[in-house]
Amino acid sequence: MATVTRRIGLSLGADHCWPLCYEAVMKRLDLAIPVSKKDVAKFEVERVSIEPWDLAQPVKYDVILDRITHWYPTSREWVKKAVVANDVYVLNNPWSIQACEKNTTYAAMMRLGFPVPRTWMVPPKEYEWTADLRITLKRYAKLFDVGAVGREVGFPVFIKPYDGGAWVGVTKADDEAALRTAYEGSGKRVMHVQKAVAPFDLFVRCIGLGAETRIIRYDADQPLHARYTTDRDFMPADQLQTMRDMTLTINAFFGWDFNSCEVLRQGDGLYPIDFANACPDSQVTSLHYHFPWLVKSNVKWSVYCAATKKKPNWNLDWEPFFKIAAKDIPFSEKLTQYAKIANTRLETDKYREFCDKHLRHVDEVVWEFFDTEEAKDAIRGKVAILFPPHEIEQFTEHFWAQIQKWRNEEGRPS
Ligand SMILES: Nc1ncnc2c1ncn2[C@@H]1O[C@H](COP(=O)(O)OP(=O)(O)OP(=O)(O)O)[C@@H](O)[C@H]1O
Ligand SMILES: [Mg+2]
């Protein structure tokens with residue numbers, strides 16, 4: 001048998017801990033996977049550099065795990081070129097990230113019947129003035145009362161950027177006066193006014209990575225390092241299935257492999273409020289207990305994509321979803337049908353077979369890795385970036401303890 005090399009490129013920004021752990025696990029695994037009757041694949045991982053590039057240059061990677069497409073244009077355009085010209089498989093689809101903000105994802109999932117809370121968009125409060133803008137607004141912009149929008153949506157509301165992230169510019173407004181004040185302070189941002197799911201009895205985030213999902217109770221009242229809880233058994237099985245189906249549907253619809261879907265539960269209703277997180281938090285300082293799952297899922301999914309040369313998501317193809325949406329059946333039945341498309345597109349069955357056949361030892365290797373000084377150093381490095389010097393040891397030990405809790409609860413995989 002001949003040896004072929006599959007190359008995985010890490011296109012990174014400020015990420016620190018997960019790439020170190022990913023690289024270390026890949027090294028320990030030293031995979032050799034038969035990919036055809038005559039070829040065995042070895043896997044190389046490399047960090048993608050930033051430098052001038054020729055549009056006609058070949059690209060050596062089979063898969064790219066990209067983390068900067070959403071804000072760094074040089075790498076974004078390089079990644080897009082690697083897809084259109086070189087058939088590279090990229091997590092996530094860079095066009096879809098560039099084009100689909102929260103607003104588009106709300107509108108599309110509303111069409112599919114997802115119970116997204118009622119949402120309006122309002123033009124910005126302030127502008128960078130240009131000659132064309134002056135004429136445009138004079139001709140077409142209607143004076144409006146943001147308080148009336150709030151009344152239409154129904155108080156309490158959240159006013160938040162249509163393309164938001166990291167909770168920037170998010171305000172809860174209980175009445176018209178509070179909404180006006182928040183809007184006055186929103187500057188040049190284009191805002192949503194969205195009906196609050198209030199009160200809610202559970203806040204859940206479902207992280208989808210390829211065919212893998214992890215559903216976590218989220219406590220937004222905690223400081224940043226403690227928001228992902230380590231709770232278990234907080235949701236009945238049917239709701240867990242709904243969370244998984246919604247997440248995979250969103251991801252398949254937008255061609256995203258890696259995304260997180262935020263849902264608030266009120267009574268029996270599961271209301272998605274934010275699911276355009278196409279560069280989800282991957283840091284040990286947020287994920288702690290769940291961090292080994294992230295590293296493991298990243299390894300499994302990227303190796304699967306590289307080994308099988310999974311076809312890139314060139315086209316999004318929304319029609320099959322819209323056909324189901326138009327049927328006269330309850331949303332729960334539609335969701336099951338959407339999820340079937342999602343599982344086909346994400347190759348869930350094929351992926352599981354692949355993991356059973358070739359990646360059975362990954363669980364044990366990851367479990368052992370998170371007992372090493374190398375893993376602890378990666379965590380300490382991330383803590384040192386985010387925390388003041390006098391807190392580095394304390395928080396390194398804190399996150400390390402959370403990971404050891406995960407190891408103890410999992411037990412050594414057999
Ligand atoms: N409609 C809503 N009902 C209730 N709470 C909401 C609603 N919209 C937003 N929130 C609250 O505000 C927080 C931030 O909103 P959102 O997730 O839309 O913004 P974000 O900037 O993407 O934040 P993050 O980066 O934390 O995901 C949510 O985590 C939730 O606690
Ligand atoms: Mg959010």
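Predicted model: local features only at pLDDT ≥ 70, side-chain atom pairs only at ≥ 80, totals over all residues.
Trainee: Which strands pair in the antiparallel sense over six bridges?

Mentor: When reading a pairing, look at the two elements and at the sense in which they run. Here strand β10, residues 202–209, pairs with strand β11, residues 212–217, and one of the bridges joins glycine 208 to threonine 213 in β11.

Trainee: How many residues lie between β10 and β11 in their hairpin?

Mentor: There are two residues between these strands, and glycine 210, which is in the turn, has a positive phi of about 60°.

Trainee: At what angle do helix α10 and helix α14 pack?

Mentor: For two helices, read the angle together with the distance between the axes. Helix α10 (residues 291–308) and helix α14 (residues 362–369) pack at an angle of about 140°, and their axes are 10 Å apart. Angles over 145 degrees would count as roughly antiparallel, so α10 and α14 are oblique to each other. Their crossing is right-handed.

Trainee: Which residues of α10 and α14 meet?

Mentor: From α10 come Pro292, Val295, Lys296, Val299 and Lys300, which meet Val362, Asp363 and Val366 of α14. Sorted by class, this contact has five nonpolar residues, three charged residues and no polar ones.

Trainee: How many residues surround ligand 1, and which are the closest?

Mentor: The shell consists of 18 residues, of which Phe158, Gly164, Ala196, Val197 and Asp274 are the closest to ligand 1. Two or more residues of this shell come from each of β7 (157–161), β12 (258–266) and β13 (269–274). By class, the shell around ligand 1 has 12 nonpolar, three polar and three charged residues.

Conventions. Residues numbered from 1 in each chain as written. Chains lettered and ligands numbered in written order. Pairing = 2+ DSSP bridges. Helix = DSSP H or I, 4+ residues; strand = E, 2+ residues; numbered from the N terminus. Axes fitted to C-alpha atoms, helices over the stretch in contact; angles between N-to-C directions. Parallel < 35°, antiparallel > 145°, perpendicular 65-115°, else oblique. Left-handed = near helix turned anticlockwise from the far one by under 90°. Contact = placed C-beta atoms within 7 Å. Nonpolar A, V, L, I, M, F, W, Y, C, P; charged D, E, K, R; others polar. Near = placed C-beta within 6 Å.
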